[in-house]
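Let's take a walk through this model together. Have a look at the chain first, and then we'll start with its sulfur links.

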Amino acid sequence: MKPGRGEAAPFFLLLLLLPPRLLQSGSQAAAASGRSLRSWEVAPSPRAAAGMRTPLAAPGLLLLLAGTAGLCRAFFSLPLRVSHPAAPGGSPPAPVVLRPGSGSRQQGQLGGADGLALASDPGGTLNFLAMVENLQGDSGRGYYLEMWIGTPPQALNILVDTGSSNFAVAGVPDPDVTSYFNTKLSSTYKSQGIDVTVKYSQGSWTGVLGTDVITIPKGIYGSYFINIATILESENFFLPGVKWHGILGLAYDALAKPSSSVETFFDSLVRQAKIPNIFSLQMCGAGLPVSGSGTNGGSLVLGGIEPSLYKGDIWYTPIKEEWYYQVEILKLEVGGQNLELDCREYNADKAIVDSGTTLLRLPQKVFSAVVQAIARTSLIQEFSSGFWTGSQLACWDKTERPWSIFPKLSIYLRDENSSRSFRISILPQLYIQPILGIGENLQCYRFGISSSTNALVIGATVMEGFYVIFDRAQRRVGFAVSPCAEVDGSPVSEIEGPFTTADVASNCVSSVSFHEPVLWIASYALMSLCGIILLVLIILLLIPPRCQHRYTDNDVVNDESSLVRHRWK
């Protein structure tokens, strides 16, 4: 879920039988600690809801044509302009020529757009070391990347979100953002005049689609023309106090609004800069307060994998569908004990990897089972239900560390070899998350897991423990232990495997997938049918009275009519 606006509310402590205490947080705690930054939990037809605006007075047949047009794919043809980055306020950059990187690894050289980059050339297009620690933020309000947009460049911070596909920035002043993109000051901005609306589970925005040149100071060398939506109106999207001014959707074009014909940010980079179709993400907020100073580090590596950002092996799981980064969950364990649920429950109706979601979100049945297992295996079983639902915080003396009383949580993912699996585990330091202190003696924590109505979402709660590779070229997502996932010098995440999958179904993902493209077309078809029926009714109502039949005495049906005399026996 993307961030929604929270309002301040007083806190009060609830005393328990045991040392920890619960802190009633009100709506502010929900905003600061429980709101996710995600666009996956949307109405059954997000594409229809957020599609291009069409006049409602148009005939039904035009609506049918509009639905049919959704099947056709029209790519933008954008000119390539590559240039030296210019500092904000400087003169327009002069064109230069990219040269390919020449890094290598034990298993091969740096590939082309479809290859796998595993090392970097410090003097070339891809310098992964320059991308290390190019993110700032925290799991409560998201991790953001600095970008320069337009000519002359305007510096903005952009939220990194692997659960949506639009690149959008504030286009007008907003009380909750410190900067915005002023299109009138950019000589290279071109408006396409297309309205676009994106709705998230919490919050939405409406804007206009256009194109302009962007540069990432700590990213790929050069400048590129990208599709940009300028946000003109928003509701519960920008949070008070956030330090980002837009959102960078890194999912597939199937989720792009108003249609999949809008080339996504990363697709544009792959096409123009000729980089490998892969990026990787590290978020370093383990054990640190959420929604704090917003200065935790992180890295977004575009075009490959930086070896210094992980340790051990990378374990890959296949991408089941190319819309979100949908994966297949086989089972969950709490404290080493299997929840014993049907594996389809974990994937109802999808399981995705999403950096824009703050928490680990579980389908309701799975969430209830996890809470019961944690309460059963932890040393404290007297927690109020408000702690588990996110409406209350648990508080301890600052000298105490509550993590030792909670169990480890493990998620099993199907390996590329479908007969095997591997598990990623997070220790309590990742899902029992510090929030704030009360006075000088108390430290409060939130529960970093929540329920969901339509997906299992591996969000920042889990991702902060790992270096996550989004290998789009090979259609897989990789996990490796992150060196920054440590608290007090001890690692708080683990990866183990392989394990056999003989005890789970061969396919835990429903074979019938009515996701957005299908629902979008079906919605237009139904609207067209309704429009045709309405048109026919209007025509019948407008038929002149003289054309209507006038009844006579002979038309009256009575006991002596032929209808009665000759009725069926």
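The torsion about the S-S bond of Cys343 and Cys508 is about -95 degrees, so this disulfide is left-handed. Bear in mind that this is a predicted model, where local features need pLDDT of at least 70 and side-chain atom pairs count only at pLDDT 80 or more, while totals for chains, interfaces and linings use all residues. Residues are numbered from 1 along each chain as its sequence is written, and side-chain values use heavy atoms, with hydrogens and water left out.

**The disulfides**

A disulfide is a covalent bond between the sulfur atoms of two cysteines. Here, a pair counts as one when its cysteine sulfur atoms are within 2.5 Å. The structure holds three of them:

| Pair | S to S distance | Torsion about the S-S bond |
|---|---|---|
| Cys284 and Cys484 | 2.1 Å | about -90 degrees |
| Cys343 and Cys508 | 2.1 Å | about -95 degrees |
| Cys395 and Cys444 | 2.0 Å | 100 degrees |

Back to the pair we began with: Cys343 and Cys508 have their sulfur atoms 2.1 Å apart. They link distant parts of the chain, with Cys343 in helix H6 and Cys508 in the loop between strand S33 (493–500) and helix H11, 165 residues apart. Helices (H or I, at least four residues) and strands (E, at least two) are DSSP runs, numbered from the N terminus. Both Cys343 and Cys508 are buried. For that word and its relatives, the cut-offs are these: buried means under 20% relative accessible area, exposed over 50%, and partly exposed in between (1.4 Å probe, protein chains only).

The bond between Cys284 and Cys484 is left-handed, because its S-S torsion is about -90 degrees. Cys284 lies in strand S13 (residues 278–284) and Cys484 in the loop between strand S30 (476–481) and strand S31, so this pair ties together parts that are 200 residues apart in sequence. Cys284 is buried, at 16% relative accessible area, whereas Cys484 is partly exposed at 24%.

The link of Cys395 and Cys444 is right-handed, with 100 degrees about the S-S bond. Cys395 sits in strand S22 (residues 392–397) and Cys444 in strand S26 (residues 442–447), so they tie together parts that are 49 residues apart in sequence. Both Cys395 and Cys444 are buried.

If you number the bonded cysteines in sequence order, the pairing reads 1-5, 2-6, 3-4.

How many of the nine residues of helix H5 (residues 265–273) are buried? Seven are, so H5 is largely enclosed by the rest of the structure. Those buried residues are Phe265, Phe266, Ser268, Leu269, Val270, Gln272 and Ala273. Just after H5, Lys274 takes a positive phi of about 60 degrees.

Helix H7 (residues 364–377) has 14 residues and reaches 20 Å from its first C-alpha to its last. That is close to the 20 Å expected at 1.5 Å a residue, the expected span being 1.5 Å times one less than the number of residues. Buried residues in H7 include Val366, Phe367, Val370 and Ile374.

Now for some loops. The peptide bond from Thr151 to Pro152 is cis, with omega near -5 degrees, and Pro152 has its place in the loop between strand S6 (142–149) and strand S7 (154–161). Another cis peptide bond joins Ala348 and Asp349, where omega is about -10 degrees. Asp349 lies in the loop between helix H6 (343–346) and strand S20 (351–353).

Glu340 has a positive phi of about 60 degrees although it is not a glycine. You'll find Glu340 in the loop between strand S19 (337–338) and H6, and at 62% relative accessibility it counts as exposed. Asp488, also not a glycine, has a positive phi of about 55 degrees. Asp488 is in the loop between strand S31 (486–487) and strand S32 (490–491), and with 61% relative accessibility it counts as exposed.

**A nonpolar patch**

Finally, have a look at the surface. Leu529, Ile532, Ile533, Leu535, Val536, Leu537, Ile539, Leu540 and Ile543 form a nonpolar patch there, with about 770 Å² of accessible area together. Patches are made of residues with over 30% relative accessible area and no salt bridge; like charges are joined within 9 Å, and nonpolar side chains (Val, Leu, Ile, Met, Phe, Trp, Tyr) within 5 Å. A salt bridge is a side-chain nitrogen of Lys or Arg within 4 Å of a carboxyl oxygen of Asp or Glu. Accessible areas come from the Shrake-Rupley method with a 1.4 Å probe, and for residues only the protein chains shown count as cover. Leu529 lies in helix H11 (residues 516–541) and is partly exposed, with a relative accessible area of 48%.
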